[in-house]
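Good morning, and thank you for joining.

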Amino acid sequence: ETMKQYCGSVMAAPMSSAGKPSAERSPFNTTSFQKKTRSRLISIPGTRPSVQNGQLLVSTGVTSLDYLLGGGLAVGTVLLIEEDRYDSYSRMILKYFLAEGVVCRHELFVAAAHDNPDDILQELPAPILDDVAIHKPVEQPRLSCEPQDSLDAMKIAWRYQNLPKVQSALASSSRFGHYYDVSKTMEPEIRQAAKCHRFYLPEHPTQSSPTHSTMLQSYSALLKSLQEVIHREGFEVAAPMSKSRNILRIGLHSLGSVLWGDDLCCHDNPSNSHALTTFLYGLRALLRSSLSVAVVTVPSHLIQDRALMGSITRLCDNAIALESFKGSERETNPLYKDYHGLLYVRQVPHLNCLASKLPDHKDLAFKLKRKQFTIEVCSSISHDLLRQRISVISGGVFLLKKIVGQQLLRTKVRTGNYIT
């Protein structure tokens, strides 16, 4: 009977307290069920979560390169760019990466041994104003009595009105990043609005490194400076959420060159063979625990030890290589007249998965238009490779026929126990 009274009071509680304030309601009205809400993701301008693994992404500044890398660069990762022979296009991609950071109000860290970081920043491409500005909503045209075909055509045209004027051959359906005009440089007012940290090696005198150290003093000073910036500016993931978070974009130009004090490009058996790999190992460990993303360029064509170059590639998360046609036979080849070089995807990251997502296309080429750097699928590469394979096969068949013919001839003219 007591249980019946208890249950009756619980069932009657919502009815009797419907019009009363929450303070006067019966305590039996409480429940453990709560409305399911989405977990709050970190929101930083210029970033978006990956649709494959939920990793926070930033744009490289080149939309076609973002497409190849699975949507962009994941925060906390390193992109390795194997420089072309004249360091023209690899330097351009680095400037695209830094320019995207300026437009997104990210902080920059630029390190170089030959060119002053200020000179690199002054060469950043100018953003296309129509692309950076906020698009106003476009009113849909009023259609009265028109055929259904024309109505569908107008809907498709209206749907593509808000897309940027410049389109890349490789691009995802979702909008990410900005577009830039390489024929113009960024205005000083826009460039100076971004906070930039600089590391110019001649301004950081290095001492002789101890014999037991596997890292050069130049790399050690660079890693120490980068660590200080990450800690001082609050880019660590474990930092308190006292202020709005931001992304640190790191651009390291031409690591491994002689100007950094490294001899990878000078000897077949360099004495500092583990200096760059040790630095990259420390850099990646530093980025894993911070809201940072790095782009590193390396003159791989000067490194003779290919096994060492493979170790450098594996210590980075993303790796691409650029092969320029400048000064080569392909520069005058009519098959490549519309392109300036080839691009190879060496490595893509394994983020929250067992296998990485490889790009759908392998025959990739890049070209520099009047205003934009783009990456496209080059059908001429497939035709050229097919022609080379056919020539190799036909040459092998010709050689086989020649050998068989000689054997038959020797068999016919055989006399005694010897062959003429």
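Two strands are said to pair if DSSP finds at least two bridges between them. Helices (H or I, at least four residues) and strands (E, at least two) are themselves DSSP runs, numbered from the N terminus. On that basis, S12 and strand S13, residues 364-368, pair in the antiparallel sense over 3 bridges.

Some ground rules come next. This is a predicted model, in which local features need pLDDT of at least 70, side-chain atom pairs count only at pLDDT 80 or more, and totals for chains, interfaces and linings use all residues. Residues are numbered from 1 along each chain as its sequence is written, and side-chain values use heavy atoms, with hydrogens and water left out.

Let me begin with the chain as a whole. The protein chain has 11 helices and 14 strands. Of its 420 residues, 42% are buried, where buried means under 20% relative accessible area, exposed over 50%, and partly exposed in between, with a 1.4 Å probe and protein chains only. Contact means heavy atoms within 4.5 Å. Among contacts between residues at least 6 apart in sequence, 71% join residues at least 24 apart.

I turn to the interior. A nonpolar core is a set of buried Ala, Val, Leu, Ile, Met, Phe, Trp, Tyr and Cys residues joined through side-chain atoms within 4.5 Å. The largest such core has 42 residues, and those with the most contacts inside it are Leu73, Leu98, Leu343, Phe373 and Ile375. Helix H3, residues 89-103, gives the most to this core, with 10 residues. Apart from this core lies another, of 40 residues, among them Leu80, Phe109, Leu223 and Leu280. Which residues does phenylalanine 373 contact, leaving aside its neighbours within four places in sequence? They are Val62, Tyr89, Met92, Ile93, Tyr96, Phe366, Lys367 and Leu368.

H3 has 15 residues and reaches 21 Å from its first C-alpha to its last, close to the 21 Å expected at 1.5 Å a residue; the expected span is 1.5 Å times one less than the number of residues. Since 15 of the 15 residues of H3 are buried, the helix is largely enclosed by the rest of the structure. Arginine 91 lies in H3 and is buried, with a relative accessible area of 13%. Not counting residues up to four places away in sequence, arginine 91 touches Asp115, Ile120, Glu123 and His253. The C-alpha atoms of arginine 91 and isoleucine 120 are separated by 9.0 Å, although these residues are 29 residues apart along the chain. H3 is followed by arginine 105, whose phi is positive, near 65 degrees.

Helix H8 is the next element. H8, residues 217-232, should span 22 Å with its 16 residues at 1.5 Å a residue, and its end C-alpha atoms are 22 Å apart, which agrees. Its buried residues include Ser218, Tyr219, Leu222 and Leu223. Why do the buried residues of H8 line one face of the helix? Seen down the axis of H8, they fall within an arc of 160 degrees, so they line one face; the arc is that of the directions from the helix axis to the C-beta atoms. The face of H8 turned away from its buried side carries the exposed residues Lys224, His231 and Arg232. The buried residues of H8 pack against strands S5, S8, S9 and S10 and helix H9.

Finally, the strands. S11 pairs with strand S4, residues 78-82, in the parallel sense over 4 bridges, and with strand S12, residues 341-347, in the antiparallel sense over 6 bridges. Alanine 321 of S11 is the bridge partner of glutamate 82, and the partner of alanine 321 in S12 is tyrosine 344. Elsewhere, 3 strands form an open antiparallel sheet in the order S1-S2-S3. Its edge strands, S1 and S3, each pair on one side only.
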